[in-house]
Amino acid sequence: MAGVYTGLGAITALLAVATIISSTSWLILNNGRPASPSRAQPETLPTRLDKTRIAVCLVGAARRFELTGPSILRNVLAQYPQADLFLHSPLDGDTYKFSLLKDAPRVAAVKIFQPRHIVETDAHLRLLTPKKSPKGLQGLLQYFNLVEGCLGLIQSHEVRNNFTYDWIVRTRVDGFWAGPLKPTAFEPNLYTIPEGSRHGGLNDRLGIGDRKLSTVALSRLTMLKNLAEARYNNLNSKTTFMHQLNLSHISVHEHQFRFCIVSDRWYKFPPGRYDTPVASIGSHGPLSGAKCRPCQCVYAGPQANQIWARLDPNRGRVEWRNKGLGLCNATGDWEKGWEEVFDELAGAVAAKARRRVVGISVAECVHDLEELRGRTSKWEALDPGKICLIGLGPIST
């Protein structure tokens, strides 16, 4: 059962939610107008979401997008076909894999940029810790900029089209969705995040909130000034996120999601109390943003439960009881034959998409990216031909 983590002003927010729930004239989320009194029953949540404007903010590099992309298309975008997709990603050799997004229902904006160094100020050095950040302090700043940049794309689209989104869903390019994003994750007056994987703060790998709350939650770089002025120090990404929401009096709802972060990183196994567990991508439980990979040798059952149980619940642990969460030994590279494991677990459609991306030609890549660009309202990226050549090399003659 999902819990509620409350920051400053939590009592007020919870009372507001209770008032809404008890009201016979539940507010329609679109523009906040009251439901028609002639209705015998209030509208269901899925019905109300159908009437709202939703932005899906997708951020990150395309490292394993041949694995995660089809799951995002099926379990996030296809679930809310009225939603607009916004992609904010750094340019690299895997960017061509975004050709998969040509099948997205609606694409509002694509920005694929060349990362630039962010000046590390004395305030940043006091406020943030580079510990356990793969790319140090610069990596944290780049991540914050990546998230906030997606908010900028959304704001620009709103101005151009003279409307405002009701909800923003922020998720990651490297997130694998084993099940659909359900309407119950859209909570009025609360910012919804995955439970577990807190690492001393709050899980920042996924967030869902209304326009007002999401503006604060996605302003990761801008809010650093406020945190520094409040004299916080030695913060990682998740503790930064927690204090950022607390300063803005935003209450958070921790929810169970069937998604995980596909990772190539190596981790200690078996994990100690304060180490990061890596779950099997085939686990049946709500992984809620835990690190994962496909593995043949899965540690499951009582053996895995003993490992999960000893992990610090305020750091890397997710809810594991009776959920069938298996563990992978991630002390090295992915196991030989992981492709077959993934294809079996992800299903025929995802397997076909993975194989297509692996064997795609430059010409096919250009065709697919051109199709994506043609369906995008705002394209801020290199020409598809250049993107494909960076990742796939020149056409052989």
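Predicted model: local features only at pLDDT ≥ 70, side-chain atom pairs only at ≥ 80, totals over all residues.
What pLDDT does the chain average, and what share of the residues score at least 70? The average is 86, and 85% of the residues reach at least 70. pLDDT is the predictor's confidence in each residue, on a range from 0 to 100.

Some ground rules, then. Residues are numbered from 1 along each chain as its sequence is written, and side-chain values use heavy atoms, with hydrogens and water left out.

Please look at the start of the chain. Over residues 1–45 the pLDDT is below 50. Beyond near neighbours in sequence, that stretch has 67 contacts in the model, a contact being heavy atoms within 4.5 Å.

Now the helices. Helices are DSSP runs of H or I with at least four residues, strands are runs of E with at least two, and both are numbered from the N terminus.

Take α12, residues 362–374, and α13, residues 384–392: they pack at about 140 degrees, with axes 9 Å apart. Axes are lines fitted to C-alpha atoms, for helices over the stretch in contact, and angles run from 0 to 180 degrees between N-to-C directions. This pair is therefore oblique; under 35 degrees would be roughly parallel, over 145 roughly antiparallel, 65 to 115 roughly perpendicular, and the rest is oblique. The residues that meet include V362, C365 and L369 in α12, and I387, C388 and L392 in α13. By class, the residues of this contact are nine nonpolar, one polar and two charged. Here Ala, Val, Leu, Ile, Met, Phe, Trp, Tyr, Cys and Pro are nonpolar, Asp, Glu, Lys and Arg are charged, and the others, Gly among them, are polar.

Next, α3 (residues 65–77) packs with α11 (residues 348–358) at about 135 degrees, axes 9 Å apart. These two are oblique as well. In α3, E66, L67, P70 and R74 meet A350, A353, R354 and V357 of α11. That contact has five nonpolar, no polar and three charged residues.

The last pair is α5 (residues 136–161) with α6 (residues 211–218), at about 140 degrees and with axes 9 Å apart. V147, E148, L151, Q155 and E158 in α5 meet R211, T215 and L218 in α6. Their classes are three nonpolar, two polar and three charged.

In the loop between α5 and β5 we find N162. Its phi is near 55 degrees, a positive value in a residue other than glycine.

On to a sheet. Strands of a sheet pair through backbone hydrogen bonds, either parallel or antiparallel. Four strands form this open sheet, in the order β6-β10-β12-β11, with mixed pairing; two strands pair if DSSP finds at least two bridges between them.

Why is one side of β6 and of β11 left without a neighbour in the sheet? β6 (175–177) and β11 (278–280) stand at the edges and each has a single partner strand, so one side of each has no neighbour there. On average, neighbouring strands are turned by 50 degrees against each other, direction ignored.

Strands β10 (residues 259–262) and β12 (residues 290–293) run parallel and are joined by three bridges. I261 has K291 in β12 as its bridge partner.

One more item: in the loop between β10 and β11 sits P270. The peptide bond from F269 to P270 is cis, with omega near -5 degrees.
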